[in-house]
Amino acid sequence: MALNIEIDGQQIEVEPGTTVMDAAHKLGIYIPHFCYHKKLSIAANCRMCLVQVEKAPKPLPACATPVSDGMKVMTRSDYAIQAQKGVMEFLLINHPLDCPICDQGGECQLQDLAVGYGGSRSNYAEPKRVVTEKNLGPLIATDMTRCIHCTRCVRFGQEIAGIMEMGQAFRGEHAEIMPFIDKTIDSELSGNIIDLCPVGALTSKPFRYAARAWELSRRKGVSPHDSLGSNLQIQVKNGRVMRVLPLENEDINECWLSDRDRFSYEGLNSEDRLTKPMIRKDGAWVEADWQEALSYVASRLREIQVRHGADQIGALAAPTQTTEELYLLQKLMRGLGCGNIDHRLRQSDFRLDDKAHGAFWLGMPVAALNKLDRFLIVGSTLRKDHPLLALRLRQAVRHGAGMNLINPVVEDYLCKVANRSIVSPDGMVNALAGLVRALAEAKGERIPTMASGAEVTPEIKAIAESMIGGERKGIFLGNLAQHHPRYAEMQTLAQEAAMLAGATLGVLGDAGNALGAVVAGAIPGRGALGSRGMAGMNAAQMIASPRKAYVLLGAEAEYDCFDPVAALAALKQAEFVVAMSSYKHAAVDYADVLLPIAPFTETSGTFINAEGRVQSFHGAVKPMGETRPAWKVLRVLGNLLNLPGFDQDSSEAVRDEALGQDAQARVQQFLNTRIDPVSVSLASTSKIERIGEVPIYQTDAIVRRAASLQRTADAAPPMAKASGMLLEKLGIQGGGMAIIRQGEVSVVIRIDRDDCLPANCVRLPGAHAVTVSLGPLFGELTVERA
Amino acid sequence: MVIQPGPVIFNTLHLPEPWKLSTYVSAGGYSALRKILAENIPAETIIAEVKTSALRGRGGAGFPTGLKWSFMPRQFPGDKYIVCNSDEGEPGTFKDRDIMRYNPHALIEGMIIAGYTLGAKAGYNYIHGEIWDIYEGMERAVEEARAAGYLGDNILGSDFSFDLYNHHGYGAYICGEETALLESIEGKKGQPRFKPPFPASFGLYGKPTTINNTETLASIPYIMREGGQKFLELGRPNNGGTKVFSVSGHVEKPGNYEIPMGTPFSELLEMAGGIRGGRQLKAVIPGGSSAPVLPGEIMMDCTMDFDSIAKAGSMLGSGAVIVMDETVCMVRALERLSYFYYEESCGQCTPCREGTGWMYRVVHRIEHGQGRPEDLDLLDRVAGNIAGRTICALGDAAAMPVQGMLKHYRHEFEHHIEHRKCLVQSGAM
């Protein structure tokens, strides 16, 4: 039954349970507020939204008052205004009114509303409250004296981030919003409390005193750091990215951003930026102009092609480059007669390349994740890899969804995990086979041959029982699965399990434009949108069989590859390496030419996220120094090599060529996670296995150079971890030093005890300076006491 | 300290060891419960009896108990709770302490009957942290009752099971606010919840919960034993029964007096031995520190019941009668009261968090000779901006003493501001 309500003389019909605030919002009536936030629970503590309700003996808070039929509300009556002004006066008496030196100035809700509801002079003649500063870590600056105790940050922690890192201590006027004693805020979503804070109590530490809100131009952007493609509001001053805020998009990032998306911009302004083309001449690096550098690259590539064959060139691209860049790169390589192109640098199993029917994707829209009833995550450090997807899945669990896990590691998921099977990386294959068997048995169906010999552990049985129930369900392969040496078998089994459970199979995607790279044809054997493309070597083959020349697009092989040592060796032996990069990096040791290309904020382009959403964007700022957008660089290179079809005059023209005018529809048609099965082996290794995830702030070149992110707890240098049982067997004390060896290479590193890990595993993250001298992210290793 | 026995609450006081189970039983205790369980008396009948008694909540608000009980969705499947609010923190109030000390079983029997009536299988008695010996005494009494089969599974051989837990707080006044109390039992910071939803639908651990004051629940056995009508007749219409008044301040014999509702204040004052040292009555706070002060001459015309005191412009509240003689400086008295609310505000919502400190500082300034002419209007305005604007009643409780004092004793404040000293000599509060 709908309810009729009148607000400020306007009639509206609303559903029962609607609050006066929501109803007013629908009518376009603004009621001043601080503690109310559409994504958070109702606190009703600021009292700013007091309104007059007919027949009510006192003013009522609009945010917390449910509408009743026939209710008459006055938000602007003298009575209401008097109540609102009364609250504003209280809010201001202890507020320092230090707007001139406050970073929130110009974008402060209290400042804005004080203009309308505050007095021009204060009646408060007593000393004001002063609150001691809190150290919340490297990302969030505090001026807690300015706090108005709206508890948005507290509720965000409890309800959204899933971890209550802020709380209100003490009573009355002594009340303070603070973290737990001497703790910093370490959530991967912490930066959102800066946006939520209606005053200048919580502000951005990296942005502190850098600019005024009104000095900043706002540009739209899309984040490249994970497969979600969060929408960004890139704020710019004097041609420099000063700050990044979320651009609200209910279908993708809602009004949130992960800290990685928010603070990575510091990496854009890093000292490491490469701003001029450089050529190695007689062993020394010299700056060059673009003309010279590109001609040199073209002639050297041509020379290699002629002398050794085009097949002797390999192209490795980072999956964070734009679709246009990736498209032109594959076009360039294939134009040279070379099919060796790949962006899947951290993948190790490519058996699915001729089994796929399209581009692997999430299997459902991002917004459907919160509505799942049951889901299974296979091989993922979910919160760190996909902070905002994890948030949506947490919301699903809050609403009663059953979360199941097949994983080699235990994370704190900050929500209830219904069932988990924690097994070694290799054991994940057997666990999935067990799941297939258990599902078939539970449904009374014939057990598929691939799973007939599988063992069904009690944990797997419980997962199967969970996944049988529910209506909307998904099985998702995470980054650990995608990088796994038996990924093809895992996806084969997961597909079978999804079929039996009536669930949708999805791939979470390991980088911002991984899907876009597949769509662009930056993989061997396939061109744009799955058209037939010249066959060639995949990333692993290009490294295993070293080439004479390499073209690197945004890739930092030493960090971005599955086996950094092998990758580095391959690059070092090559006759010619051209590194297109935004940064000076280890390529100075192995490259012959460095070409400065624009990061995502300095070029236009398109990212395609895990749900297949095509998101094009413009450059937010001009390229730094002599940096050029990579699509232009590749275009000119194509011209210099006299290749046909390199005459696009804009990135849009490149996109239209690659994806067509109706890009979204075509991409949608190309999305398909279905595969022809590969044969599955149930044999498992008895050797010690490495679990090598990519840490949250090591994912890509920009993030690795974001100074403040690198000071967070999550960016601490990784150490090895192993179960107590394994440590005991090896005679190593937890916390002691160990020599970890993979083939020829080894590191000496501290090893800690983590009894959540499977018995015969060492968890040792990759992609970090202290671990890149080691081999593949997964695989056998040996451990001995140092 | 004097305790005046009465028929309902302090009905064992004349006997040796009045707190013992055996003593309570010898005075007719637990007979009501036995009867209810033996005869399987329907909950509706019990609620009707309580309604007949015109028992009104003794915690301060005076809400009719029978009506409150009828709000409880008894048919609601799953857990339901009865909670006793023994977090007696209101300055001037010290009755529940003595009820639990001298007649704990009246409370326990009352809670069991309430649990039976409301469909609750568990009850919590929330006792504030400063009265540890009372908490321990209650623990002993609950053990006694449990051992005697009044608590636990299948009470007295019936199919009714109920258990009772004493829970001690740590002395925050705000935890006497019923939803803050629930938060505190749940192990959270004691801060009031926004209502609606009310505890009857979303209470302890999100389950339907009824919260009554100690004295209210301790009155239940009498009502069920002797009948609601008899209880009603002890007092006056709409104000049934006897009530324990905590008389403090400048009287010869401060203490707890169980007297019929509607007894004239003058009689209560006489029982308490009159004003100490033969001085004159100046003012009375009739219902605990949150109630507006009333001048002595108005009080002398009042009877001690909810309606009479409300008509005079104050509240019977918890029945804490604070008597002040002619030597009391009202500015100083208000400074003391304001300080209490300033310290006890939970800090959750703006008007109370910011306003209580402001009021205290202004009154403090006036008391210390720093007052300004505009301060009284300011005080009045600040109090007005707190009252009715907060999540819970603490804001009102903080504002009312200020408004009451300014209404009746404005001249004393003006004198303080103008002459920078007291109108009355040798203030002692």
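Two strands are taken to pair if DSSP finds at least two bridges between them. On that basis, chain A of this predicted model contains an open sheet of five strands, arranged in the order β19-β18-β17-β20-β21 with parallel pairing. The edge strands of this sheet are β19 (419-422) and β21 (504-507) of chain A, each of which pairs on one side only. Neighbouring strands of the sheet are turned by 15° against each other on average, with direction ignored.

Helix α12 (residues 458-468) of chain A has as its buried residues Ile460(A), Ile463(A), Ala464(A), Ser466(A) and Met467(A). Seen down the axis of α12(A), these buried residues fall within an arc of 165°, so they line one face of the helix. What do the buried residues of α12(A) pack against? They pack against the strands β17 (374-378), β18, β19 and β20 (473-477), and also against the helices α11 (425-442) and α14 (487-501), of chain A. The helix α12(A) is followed by Gly470(A), whose phi is positive, near 80°.

Turning to the cysteines, the count comes to zero disulfides over all chains. Cys561(A) is in no disulfide, and the nearest cysteine sulfur, that of Cys338(A), is 16 Å away. In chain B, the sulfur of Cys329(B) is 3.3 Å from the closest cysteine sulfur, in Cys422(B), which is too far for a bond, because a disulfide requires the two sulfur atoms to lie within 2.5 Å.

The structure also holds 21 aromatic pairs over all chains. One of them joins Phe63(B) and Phe71(B), whose rings lie 6.0 Å apart centre to centre with 45° between the planes, and this pair is tilted. Elsewhere in chain B, ring pairs link Tyr81(B), Tyr124(B), Tyr165(B) and Tyr205(B) into a cluster.

| Residue | Relative accessible area | Class |
|---|---|---|
| Cys561(A) | 4% | buried |
| Cys329(B) | 3% | buried |
| Phe63(B) | 36% | partly exposed |
| Phe71(B) | 47% | partly exposed |

Cys561(A) counts as buried because its relative accessibility of 4% falls under the 20% cut-off.

Key: Residues are numbered from 1 along each chain as its sequence is written. Chains are lettered from A and ligands numbered from 1 in the order in which they are written. This is a predicted model: local features need pLDDT of at least 70, side-chain atom pairs count only at pLDDT 80 or more; totals for chains, interfaces and linings use all residues. Side-chain values use heavy atoms; hydrogens and water are left out. Helices (H or I, at least four residues) and strands (E, at least two) are DSSP runs, numbered from the N terminus. Axes are lines fitted to C-alpha atoms, for helices over the stretch in contact, and angles run from 0 to 180 degrees between N-to-C directions. Buried means under 20% relative accessible area, exposed over 50%, partly exposed in between (1.4 Å probe, protein chains only). The arc is that of the directions from the helix axis to the C-beta atoms. Contact means heavy atoms within 4.5 Å. Rings of Phe, Tyr and Trp (its six-membered ring) pair if their centres lie within 6.5 Å; planes under 30 degrees apart count as stacked, over 60 as edge-to-face and the rest as tilted.
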